[in-house]
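Here is a short tour that starts from a single side chain and widens to the whole protein. Keep the viewer open as you read along.

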Amino acid sequence: MRTLFFLIALLLGSSPVLLAQTDKALLGQLAEENKKSVEALALYPENTRLAILESAKYPEVLIKMKSAQEKTSAAFRTLIEDYPRSTQEVFFDLTRYPGLIADLVARRNDRDATWQALQVLPKAKRDNALGVAERQSNTLAKINDLQRTAQGVFENMIAPYPAPAQAAFRQLLDLPEVIDILNEDLRFTILVGDVYQENPAWVIHKMDSLNLVVARQHAEELDQWKSAIDNDPQAREELRSAAREYAGEYGYTDELYDVYNDDLYADYDVEYTVVEHYYHYNYPYWFGYPWWAPQ
């Protein structure tokens with residue numbers, strides 16, 4: 001990449017520094033065009049943001065991952081689409097828990113062991129899941145084989161790359177929405193990777209600054225929303241009811257990110273706390289999101 005920069009500089013009569021500045025300007029323009037996506041990525045914790053930047057250095061892997069995902073999600077759909085919707089939902093739910101389908105396949109002749117494995121599911125879903133696990137063990141075995149094949153393809157895909165890149169892609173595999181965002185505008189992703197490779201400190205500085213700005217904006221919007229809810233008893237009760245229903249059906253955990261009191265990259269010094277909700281057990285990247293559900 002550096003060699004390419006020098007060759008272009010000689011052809012254009014410009015210095016690599018000027019070209020780097022041009023890249024930064026273009027990056028800013030593309031960031032504005034992809035404002036919502038950039039802000040979404042900036043809100044992730046620091047270790048995820050670093051994984052995003054590392055993976056952007058190798059956009060060809062993102063392209064290959066997308067191609068593999070399209071094939072595996074299509075194969076998964078073929079396996080389950082002839083079942084009733086209620087059974088399809090169970091299959092999708094089971095894929096959300098790492099290692100669960102492999103456990104169910106290994107324990108398919110032991111009802112007590114199968115029931116024990118299903119304890120990771122919300123209580124309301126266990127009985128239906130047990131029925132599907134007992135009646136459709138062959139399909140579960142095929143899904144398990146598909147999962148193992150997809151993971152093997154992925155590991156072979158990233159094997160030639162440096163250890164930090166491999167770790168970054170493995171981390172993003174648990175965040176399908178991030179991979180989708182990075183694939184939405186590959187021009188932007190490629191340029192981010194190029195600039196990050198040339199000047200990582202500058203890109204990290206910009207990402208950290210944006211994280212502070214967007215987090216503050218979200219905190220202000222959250223305060224306004226809470227104020228509106230506090231002044232509307234009916235809306236407050238509806239929210240509580242919806243939250244109880246969601247928690248009972250899916251289960252969720254919160255992670256608290258507070259420490260947004262850093263004047264390193266900002267001209268202001270305001271201490272505040274931001275709470276982000278990360279719902280564990282997302283649908284796996286290789287199988288995608290239920291095709292019938294709103295996204």
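In this predicted model, the side chain of T139 makes a polar contact with the side chain of Y83, at 2.6 Å. Y83 is also among the residues that T139 touches once those up to four places away in sequence are set aside; the others are L79 and F91. Is T139 buried or exposed? With a relative accessible area of 8%, T139 is buried, because that value falls under the 20% cut-off.

T139 sits in helix α10, which covers residues 137-158. This helix packs with helix α6, made of residues 85-95. Such a pair is described by the angle between the two axes and the distance between them. Here are the values for this one:

| Feature of the α6 and α10 pair | Value |
|---|---|
| Angle | about 40° |
| Distance between axes | 12 Å |
| Handedness of the crossing | right-handed |

The two helices, α6 and α10, are therefore oblique to each other. On the α6 side the contact is made by F91, L94 and T95, while α10 brings T139, L140, I143 and Q147.

Now for the wider view. The protein has 15 helices and two strands. Of its 295 residues, 41% are buried. Among contacts with a separation of 6 or more, 70% come from residues 24 or more positions apart. The protein exposes about 17100 Å², and carbon and sulfur atoms supply 52% of that area.

Terms used:
Residues are numbered from 1 along each chain as its sequence is written. This is a predicted model: local features need pLDDT of at least 70, side-chain atom pairs count only at pLDDT 80 or more; totals for chains, interfaces and linings use all residues. Side-chain values use heavy atoms; hydrogens and water are left out. Helices (H or I, at least four residues) and strands (E, at least two) are DSSP runs, numbered from the N terminus. Buried means under 20% relative accessible area, exposed over 50%, partly exposed in between (1.4 Å probe, protein chains only). A polar contact is a pair of N or O atoms within 3.5 Å; within protein, one must be able to donate a hydrogen and the other to accept it, and residues adjacent in sequence count only if both atoms are side-chain atoms. Contact means heavy atoms within 4.5 Å. Accessible areas come from the Shrake-Rupley method with a 1.4 Å probe; for residues, only the protein chains shown count as cover. Axes are lines fitted to C-alpha atoms, for helices over the stretch in contact, and angles run from 0 to 180 degrees between N-to-C directions. Angles under 35 degrees count as roughly parallel, over 145 as roughly antiparallel, 65 to 115 as roughly perpendicular and the rest as oblique. A crossing is left-handed if the near helix is turned anticlockwise from the far one by less than a right angle, and right-handed if clockwise.
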